[in-house]
Amino acid sequence: MKILVCISHVPDTTSKINFVENDTQFDTQGVQFIINPNDEFGLTRAMWFKEKSGASVDVINVGGPETEATLRKALAIGADNAIRVNTAARDAQQVAKEIVTVMQQNSYDLVIAGRESIDYNGGMVPGMIAALKGMNYLNNCIGLEIEGSQATAIREMDGGKETVTTPLPLVIGAQKGLVEESDLRIPNMRGIMMARKKPLTVVEPTQEGQQVQTISFEKPAPKGAVKLVDPENIDELISLLHNEAKVI
Amino acid sequence: MSVLIYAESENGQLKKIALELASFGKAIADQLNTNLVAVTINCENNDLLGNYGVNEVLAASQQGDFNAQQYAATLSEAAKSIGAHTIAVSSSADSRFLAPLVAVTLDAGYVTNVVGAPISSNPFQVKRSVFTNKAFSVCEIATEVKMVGLSKNAFGVHENQTTATITNFSPASAASDMKVTALDKATDTVTIADAEIVVSGGRGLKGPENWHLIEDLADTLGAATACSKPVSDMGWRPHSEHVGQTGKPVASNLYIAIGVSGAIQHLAGINSSKVKVVINNDPEAPFFKAADYGVVGDAFEVVPKMIEKLKSFQAENA
């Protein structure tokens, strides 16, 4: 089985979000970049398939050279090959089409991408890959088992979950639950040393054009100070929620 | 040129997010000076959409469980049949699942997490939340067919009285070899996605055995229950209740956090909730900086008191 895991290179979850160049660019100064957490849940599940059934695992990113450290981390966790499409990610369909172009050279049985990246939160790349390739797709995937060419996957929906059977090839949108937080792997020294020798192939982009363009960024308006209510006077809290906030 | 929305229903009845989406679609249709068409699937109260500005309903029916491929095909066919240039969907799990498939089929530029009516219709610019609600961006969609996904509770439900023409819509059925073999859906509890009020607990509750406090308060308010990341990681509560950057976003009218310190990742997840209340015995907890109302006090004393006071408030205002 061949697995492709799409890796987004995103600011660490604790990053302060600021913008530069007249609020048109994200300020990367002092920001640590990580594997997008939803992608990492997927990568960790892929490692499980690798160890259990000898699957090969490729990782891919569409981005500039600055994303290679993140791809190397995925290799240190245990992926076999990394591919970087050498272009800035402009919008979701462009990213999906670049990934699909790479997929033409390798037939993958399973493609995993995070449910969404934690920077732009688009949540559309895995679905678009599936639609462009005519593959089956399951979003918000919190469980995945594979027997031969048949997959059984669990999707979280609003207020519940469903179990779905589907033949491979399959694309899933991964999220927490697919593996537990405690299953995530911190690369060890051996993994890091090996990752340096593993192939990281840079391919040139094929897509032109752009469907969606970010014009500018803005930060939320500063919030007023909290109104503190005495714990002995809960009536006041209820009155505030009813009369002032009008939410109860 | 019409604006098309996918108005979701459950058990034959339109969901509240469908009415919010209709209200949003109406605002776009007005900007573009065109009419508003809704697609529904297995919906029995299509008439209701007329109250929110929908001029025409394409009522489709589909056998069996929700299937993203089939629903996406229906929506794509509807868009083609009326020549829709703008398509709006909600941010429900189902809509977020099927919308990328529609965007590819229609070669539409698609923007999710949109927080209001378009800033301008030509060029077509919308504001969306990014960095898990830590910031916003203005995006321009350059394609002929445009798709937007509305953030929950970002636009609100607005009445707009008209009469909707209801037409049966039966596109050729799309094949799918994906099959639902088990469905596990809560029927008697409010879900985080639909809730107007969410009550959330953190490590300050000291253990899962104390969760009745959260549940009782939630029951009193008709609210959904949620929790912080450490609570779900320790297995006190299921992952499906984890709210935050790697969990679920919450966009309720009222969010009550009890014994949650307010890590930056948690605050990001709840940022689009309208009113935030924190109850915590540590006055230095970061949540107090993000909240509208706060009580510095012991959850084990404050919460039972709050339940009692709420019950008498409800009795008076019933």
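Predicted model: local features only at pLDDT ≥ 70, side-chain atom pairs only at ≥ 80, totals over all residues.
## Chain A at a glance

Let us start with the overall picture. Chain A contains six helices and 15 strands. Along the principal axes, its C-alpha atoms fill a box of roughly 65 × 45 × 40 Å. Of the 248 residues in chain A, 48% are buried.

Contacts across the sequence are well represented here: taking contacts in chain A between residues at least 6 apart in sequence, 71% join residues at least 24 apart.

## A sheet that spans both chains

Strands of a sheet pair through backbone hydrogen bonds, either parallel or antiparallel. In this model an open sheet of 10 strands, with mixed pairing, runs in the order E13(A)-E7(A)-E6(A)-E1(A)-E8(A)-E12(A)-E9(A)-E10(A)-E11(A)-E13(B). Its edge strands are strand E13 (200-203) of chain A and strand E13 (179-185) of chain B, each of which pairs on one side only. On average, and ignoring direction, neighbouring strands of this sheet are turned by 30° against each other.

Strand E8 (residues 110-114) and strand E12 (residues 170-174), both of chain A, pair in the parallel sense over five bridges. For a landmark, look for A:Gly114, which stands opposite A:Ala174 in E12(A).

## Helix H4, a mostly covered element

Helix H4 (125-133) of chain A is mostly covered, with seven of its nine residues buried. Those buried residues are A:Val125, A:Pro126, A:Gly127, A:Met128, A:Ile129, A:Ala130 and A:Ala131.

What do the buried residues of H4(A) pack against? Within chain A, their partners are strand E1 (2-6), helix H3 (92-105), E8, E9 and E12, and from chain B they also meet helix H3 (93-105). Just after H4(A) comes A:Gly134, which takes a positive phi of about 65°.

## Two helices crossing

Two packed helices are described by the angle between their axes and the distance between the axes. For helix H2 (residues 68-77) and helix H5 (residues 189-197) of chain A, the axes come within 7 Å and cross at roughly 120°. H2(A) is therefore oblique to H5(A), and H2(A) passes H5(A) in a right-handed crossing.

On the H2(A) side, the contact is made by A:Arg72, A:Leu75, A:Ala76 and A:Ile77, while H5(A) brings A:Gly191, A:Ile192 and A:Ala195.

## Where chain A meets chain B

Now for the interface itself. The contact takes 61 residues from chain A and 73 residues from chain B. Several elements of chain A each supply at least two residues of the side that touches chain B: helix H1 (37-53), helix H4 (125-133), strand E9 (136-147), strand E10 (150-157), strand E11 (160-167), strand E14 (212-218), strand E15 (227-229) and helix H6 (234-244). The largest share of that side, eight residues, comes from E11(A).

Methods
Residues numbered from 1 in each chain as written. Chains lettered and ligands numbered in written order. Contact = placed C-beta atoms within 7 Å. Helix = DSSP H or I, 4+ residues; strand = E, 2+ residues; numbered from the N terminus. Axes fitted to C-alpha atoms, helices over the stretch in contact; angles between N-to-C directions. Parallel < 35°, antiparallel > 145°, perpendicular 65-115°, else oblique. Left-handed = near helix turned anticlockwise from the far one by under 90°. Buried ≥ 20, exposed ≤ 12 C-beta atoms within 10 Å, placed from the backbone. Pairing = 2+ DSSP bridges.
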